Amino acid sequence: MSHIQIEQARVVRNGVAIVDGVSVELVPGQVVGLIGPNGAGKSTLMRAMLGLVQLDAGSCRLQGRQLESWSMRERARQMAYLPQNTESHWPLLAARVIAMGRLPHLSYWQRPGPGDQQAIARAVQLAEVEDLLERVVTTLSGGERMRVNLARLLATGAPSLLADEPIASLDPYHQFHIMEIFAEHARSGGSVLVVLHDLNYAARFCDRLLLMDHGNSVIQGAPAEVLQPEILRRVYGIDTRWVESEDLSLIVPVGRHRSHH
Amino acid sequence: MRSKPRWWLLPFLVLALLLAFLLDLLSGPFPLKLSEVFSSGARKGSVDALVLLEIRLPRSILAGLVGACLGLAGAAMQGLLRNPLAGPGLVGVSNCAALGAVITFYFGFAGLAWYLLPLGGLVGAALGVMLIFFLAGREASVLGLILAGVAINAVASSLISLALNFSENPYAMSEIVYWLLGSVADSSIRDVAIAVPFMFAGWLCLLGSGRFLDALSFGEEGAQSMGFNIGRQRAFIIVGVALTVGAAVSVSGNVGFVGLVVPHLIRPLVGAEPGRLLLPSAIAGAVMVLLADAAVQLLSPQQELKLGVVTALVGGPFFLWLVYRMRHEAV
Amino acid sequence: MIPSVKLDRRCLWLTLLILCYLCGGRTQAAERIVSINLCTDQLLLLLAPVERISSVSFMAANPVYSAYAERVGQIPLNHARVEEIVAFDPDLVLAYELSDRRLVRLLRELGYRVELVPGAKSLEDVATVIAHTAALLQQPAAGAELLAAMDRQLDPGRAAPADPRPLAVIYAPNGYSPGAETLPGAVLEAAGFANLSDRLGNQYGAVIPLEQLLRHQPDLYIIDDQEPNMNSLAQKKLRHPALEKNIAASATARIDGRLWSCPTPMVAQAVAELRDLR
């Protein structure tokens, strides 16, 4: 059974369809990459799947049940979300940020129990943030902060992770690290939806890709099917080339396409 | 900034609260002969007992309650607006509450039912919070917040003057100082009684919002995705701030800077967590106002200073330092 | 000390005569008189015939503050604003010593005759002020009549006061309590009371904190609140439970503030009323 399934989603803002008839499914064991040029509607689609944006048409199901029939708290136990801007407003300790991942499981006056502690310890281990726990998040580097936030997401124990451009401003070491965490989450039965701009990471770590443009779904499928030079030329306006090097195949942008407007 | 939760914070604050309460109770125009009070417990006519029970005790209790309300409301507002400058005084909520109280008091509504005076303060404060929220926006910048606060403060304080001008009362005009600077002098147990139900209800709303404020550290959508119904939770805090600030201002005027300074001093000691900030801020607010009230009585026992003068003398320079530091951090 | 009003009288008559002479010599009796202050309003209403009064201040018509409100009748009211005053084309404007200086200067610059009536801190001052005003209005006979009536009312007070004098306190809104150098203080003394405010060293009067008031346990509380049903914090202080409890245990009087707020013959009535409480 799929974790999240959104069908024929349509979101209209000020008379413009930002997302128009897009369907996508998150299934256990898969990392789905959401790619497309700026303003293609990737973030809006993700937020619609989380229930943060109202659908104007179409439907969204969580664990087979209509999303609307879930309470906010129940949803938060199933889906954990990492927005684009993860900067905390206060100089919080990293350990406390990660512990806040358990908020969807705690009632108002309830203190975290051993189950919560266990989930937190596991998340800390998965995100490899043991040596950051005593640091203040506002003093961390971008990559360190992303790992701490990822640990917070993992601590919720939600089967589905949805991350909006998590590696956009990180150094390559951290980019690999973050993507590996997602892959590991999927391997252990979770599902991941991740907005990416780097096509090589998309090719390397995603099981499936959804390419969006102007609110529409252009193509959905395995990375090799989606990342074809003629499709990318049409959508991004760039010329690309696949380069084989030993056991690696890389997609290399070679320049802007001349006739693209 | 060092920010780590300190285990000793709560015991320390409780001890400080007890000491500050005792200090405030013992300060006044005359030394209180405690032996007199206790030995003559049965003798109802004793002046010392009368002074202690009817004048000093209500005053100190009110000072503590008002301080707790302002500290708590300041911590909650800073968490809600995710802005360290969002004290109820600076952004104009206190003055709006004073306006509501002034209208109910000077036009005779307060005499109709006991709850109408704090209710007037509550309505004013609620309008103030909503106004600042919609004027400064949810992701309020420091500048936007301050500008909105300046505007709201200016309008509210001039409306207070206008209302006092229209009230047919020879003393009304001179009482503007009380409403703008605040005082707990000569308050009686009646003032405590009318404010307490509103204050307690507000404390419940605000202290119960800790988890939501924690989640709000990650932005509104962050909090929503963590399972919080943001509209309802936000309304809860607005109502809580309106209840606490409205009730506090309607019985003590606008005692400034407490809601700004106190959460700031406490924040590094609780690891900056908005939820953990609430209770210590309430206690520390009470300590601050009690100490200020004791200072008022020690500095000028005869012609009393207004409470807001002392809190502003502490808070003003603190605010300057804060602005200075924020400028340097921003660069 | 009971003021020896009579002794100073000779001196007073002399002043009065000189004043009459000065005023009379300089001008005709004023015919369109405007008063802009509650105290000068009341003196004017007492001393001058209605047809010579062009206007009195709006306070004069308020029976809560003015002892002679019923005499105002159809006399137009003013709010001490220069445009209103000029509209009456007055030949004499009566103002109080402490009236708005800028208003007085402006009126004088515009060529109007403005006379400032001094305030009173003692019963002798009251007599002087009445005589002075009577002279200004060229109504010396009316002035003399008022003073004589006042003397008659004060006369029984000349009896030696009970010693020691009972301690009284005048408690006005805000906890204000006038001292010896004020008209209410003078009335209190003439009525044979010791004034708590004097005992605390407040010659001119001051706010007495509630706590201090309770400690001195005065024999008589004189609550001076002209409009007890108004809503103000100043008056709320007079209803403090501690004060109410303490007052219940001792003597209390409410005094009509109109009697001693201005230098009018009413002060004699105030003395008489308080003397009866002793």
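In the predicted model, helix H4(B) meets helix H5(B) through B:Val93, B:Cys96, B:Ala97, B:Gly100, B:Ala101, B:Thr104 and B:Phe105 on the H4(B) side. The partners in H5(B) are B:Leu116, B:Leu117, B:Gly120, B:Gly121, B:Gly124, B:Ala125, B:Gly128 and B:Val129. By class, the residues of this contact comprise nine nonpolar and six polar, with no charged residue. H4(B) spans residues 93-106 and H5(B) spans residues 116-136 of chain B. The two helices pack with their axes 7 Å apart, at an angle of about 145°, and the crossing is right-handed.

H3(B) crosses H13(B) in the right-handed sense. The H3(B) side of the contact consists of B:Arg59, B:Ser60, B:Ala63, B:Gly64, B:Gly67, B:Ala68, B:Gly71, B:Leu72, B:Ala75 and B:Ala76. From H13(B) the contact draws on B:Leu277, B:Leu278, B:Ser281, B:Ala282, B:Gly285, B:Ala286, B:Val289, B:Leu290, B:Asp293, B:Val296 and B:Gln297. Twelve of the residues in the contact of H3(B) with H13(B) are nonpolar, seven are polar and two are charged.

In chain C, helix H7(C) (residues 183-190) packs with helix H12(C) (residues 266-277). Their axes come within 8 Å and cross at roughly 45°, so H7(C) and H12(C) are oblique to each other. This crossing, too, is right-handed. H7(C) contributes C:Leu183, C:Val187, C:Leu188 and C:Ala190, and H12(C) contributes C:Val267, C:Ala270, C:Val271 and C:Leu274. The contact of H7(C) with H12(C) holds eight nonpolar residues, no polar residues and no charged residues.

In the interface with chain A, 33 residues of chain B are in contact with 29 residues of chain A. The area buried between these two chains is about 2700 Å², and carbon and sulfur atoms give 61% of it. On the chain B side, B:Arg211, B:Phe218 and B:Glu221 supply 27% of the area buried against chain A, more than any other three residues. The rule finds two salt bridges across the interface of chain B and chain A. A:Arg96 and B:Glu273 meet through their side chains in a salt bridge, with an N to O distance of 2.7 Å.

The contact between chain B and chain C takes 31 residues from chain B and 26 residues from chain C. About 2600 Å² is buried between the two chains, of which carbon and sulfur atoms give 57%. B:Phe30, B:Tyr171 and B:Asp186 are the chain B residues that lose the most area to chain C, together accounting for 22% of what that side buries. Six salt bridges are found by the rule across the interface of chain B and chain C. The side chains of C:Glu244 and B:Arg190 form a salt bridge at 3.0 Å, N to O.

Over all chains, the structure holds 22 salt bridges. Within chain A, the side chains of A:Arg187 and A:Glu184 meet in a salt bridge with an N to O distance of 3.0 Å. Both residues lie in helix H6 (residues 172-187) of chain A. A:Arg187 and A:Glu184 are separated by about one helical turn because they are three residues apart in that helix.

Methods:
Residues are numbered from 1 along each chain as its sequence is written. Chains are lettered from A and ligands numbered from 1 in the order in which they are written. This is a predicted model: local features need pLDDT of at least 70, side-chain atom pairs count only at pLDDT 80 or more; totals for chains, interfaces and linings use all residues. Side-chain values use heavy atoms; hydrogens and water are left out. Axes are lines fitted to C-alpha atoms, for helices over the stretch in contact, and angles run from 0 to 180 degrees between N-to-C directions. Helices (H or I, at least four residues) and strands (E, at least two) are DSSP runs, numbered from the N terminus. Angles under 35 degrees count as roughly parallel, over 145 as roughly antiparallel, 65 to 115 as roughly perpendicular and the rest as oblique. A crossing is left-handed if the near helix is turned anticlockwise from the far one by less than a right angle, and right-handed if clockwise. Contact means heavy atoms within 4.5 Å. Ala, Val, Leu, Ile, Met, Phe, Trp, Tyr, Cys and Pro count as nonpolar, Asp, Glu, Lys and Arg as charged, and the others, Gly among them, as polar. Buried area is the accessible area (1.4 Å probe) that two parts lose on being put together, summed over both. A salt bridge is a side-chain nitrogen of Lys or Arg within 4 Å of a carboxyl oxygen of Asp or Glu.
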